[in-house]
Amino acid sequence: MGRLLSFLMLLLIAGLPQTASADPADVDAAARGVVRVVIIGTDGNEVYPVSHGSGFAVAADRIITNAHVVREALLDDTLTIAVVPSDGDEAEYARAVSVDPRTDLALLQITGDLRLPALTIAGRVDRNSGEVSAVGYPMNVDRAQGLEIGDIFKSQPPVKSIGYLAGSRPARQFDSVLHTAPIARGNSGGPLLDGCGRVVGINSFGADSDGSDAEFYFAVSIRELLPFLRKNQLEPQINTTPCRSLADLDAAERERMLREQAEARLALAARAEEQRALRSRAQLEAELEVQGERENAMALAFLLILVSIAAGFVAWQARVRVVADNEDSAAERRLMIAGTLSALALVVALGLWFTRPGIEEIDRRVAAAMQPAGGDETPVMAGQGGGTMICTIEESRSRITGARTDDVEFAWEDGGCVNDRTQYGMVAGDWLRVMVPDDEDAVSVNRYDPQTRTFQSDRYLLSRSELSAARSERGKYEAPKCGIDNAAAQLGDMQSALLAMLPPRPNERLVYSCEVRAVDSGVTDLATSGD
């Protein structure tokens, strides 16, 4: 009985809708833009922290946090605000640009040179299900680690906790998201992230559990955040695509390839059957035509032979008369005319007989009938040679967590030159180029398949230290220019060390389908930019 109940429970669990788990790599990527927000006091020449919370970047120099995190600094002009990034030693001061106590939101602007990667906002949220991660700087963790007061100004990785969305419940005056990802004092203002590292809320406060009941926490919803940002002339990165893991994407890609292979086999079989039917019809038609032409030629040759015999007989009679009467001019004319006609008919008859179609003519006509229209030239697939293409994103084959998905201009040459200036390398049979831009917090590995006209960009959202190492490695070689002998193989070898530095899986995968178009402007040059 116990085994039966266990089996039924397994069936029940298997039948429940499964929610995507948070991807640690995506949460880590989002954590690059999470900061500690510190309220600073001064005592003579001494600088000391008064309190702290968390925040996250919505633009390179703009931070979102809770209004209650910076309340003390707003009420006391002797206090200042600082932001401490999760990586590096570039803590900077900030000033409050806009504060809305009703929604518990505050927008800060960094006053120094620190620039941070902006987090992406989820375009839609199912508040009743899904795994989420709270990211921030809880004070109890600092105390447990024995961090001293001065350590609060040093970069520390934020703490991540996992829970689930627990429904939609209005909190106080603002729209909120209820969840179970543990937060504590210091987490206020930090982001609540979905499985793809996109912001679904701003952590604000927790429910009082009296130490016994299950704990729930409240986050300001993006329904409050988006109008607040737009009111302050900020248009954040918003992503409305479904959150899917790369494993799901790879499985779907394998299924697509198997389906396309099956469709190709069916199309090939149908084409072969069509060719067989066409050949059979052409064979029958050729046989009937050749047989008819042979019979016609033989019949006409037979008639001409009869004509030749008859004309020859007339000529013989005329010759007899001429011999008998040397002065019979009429007989001489008949002899000449009949003789000429007999010889001509015989020559034409022999010509028709020897030039009549042979059996081999059937095979020649069948081959001519099977020849495709337009001659025997092999069509060239667009994209295998020169020409400008416009590549359009295929969302069903892509994993997009925050990147732009504008159309890409792509002019491919057979030697691996793109847009007449950027050489692609050949690595394990793939055309690829590693892009390490100075103005973007990501490394992109771009691939192009000229056979399928597919452009793919795998994006790795690295930490500042990892990006610095990647840029250093990229600076060790100069990519060969287009047209140089063996350029693709050389670049493939040059890129190997840089490729080895990247994580096993990218954070984003953008897949584009390319077509030759007349339009060649107004699109993103993603294939060659940032190198």
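Which residue forms a salt bridge with Glu-361, and how far apart are the closest N and O atoms? The partner is Arg-364, with the closest N and O atoms 2.4 Å apart, where a salt bridge means a side-chain nitrogen of Lys or Arg within 4 Å of a carboxyl oxygen of Asp or Glu. This is a predicted model, in which local features need pLDDT of at least 70 and side-chain atom pairs count only at pLDDT 80 or more, while totals for chains, interfaces and linings use all residues. Residues are numbered from 1 along each chain as its sequence is written, and side-chain values use heavy atoms, with hydrogens and water left out.

- Glu-361 and Arg-364 both belong to helix α8, three residues apart, or about one turn of the helix; helices are DSSP runs of H or I with at least four residues, strands are runs of E with at least two, and both are numbered from the N terminus.
- By the salt-bridge rule, the count comes to 27.
- The axes of α6 (residues 246-324) and α8 (residues 360-370) come within 8 Å and cross at roughly 140 degrees, the axes being lines fitted to C-alpha atoms, for helices over the stretch in contact, with angles from 0 to 180 degrees between N-to-C directions.
- The two helices, α6 and α8, are therefore oblique to each other, since angles under 35 degrees count as roughly parallel, over 145 as roughly antiparallel, 65 to 115 as roughly perpendicular and the rest as oblique.
- The residues of the contact of α6 with α8 comprise eight nonpolar, two polar and six charged, where Ala, Val, Leu, Ile, Met, Phe, Trp, Tyr, Cys and Pro count as nonpolar, Asp, Glu, Lys and Arg as charged, and the others, Gly among them, as polar.

**The barrel**

- Six strands close into a barrel in the order β1-β2-β3-β6-β5-β4 with antiparallel pairing, two strands being paired if DSSP finds at least two bridges between them.
- Strands β1 (residues 34-43) and β4 (residues 80-85) run antiparallel and are joined by six bridges; Val-37 has Val-83 in β4 as its bridge partner.

**The open sheet**

- Seven strands form an open sheet in the order β16-β15-β23-β22-β21-β20-β19, again with antiparallel pairing, and its edge strands, β16 (408-411) and β19 (425-427), each pair on one side only.
- Within this sheet's order, β22 (residues 454-460) and β23 (residues 508-516) pair in the antiparallel sense over six bridges, and Asp-458 stands opposite Arg-509 in β23.
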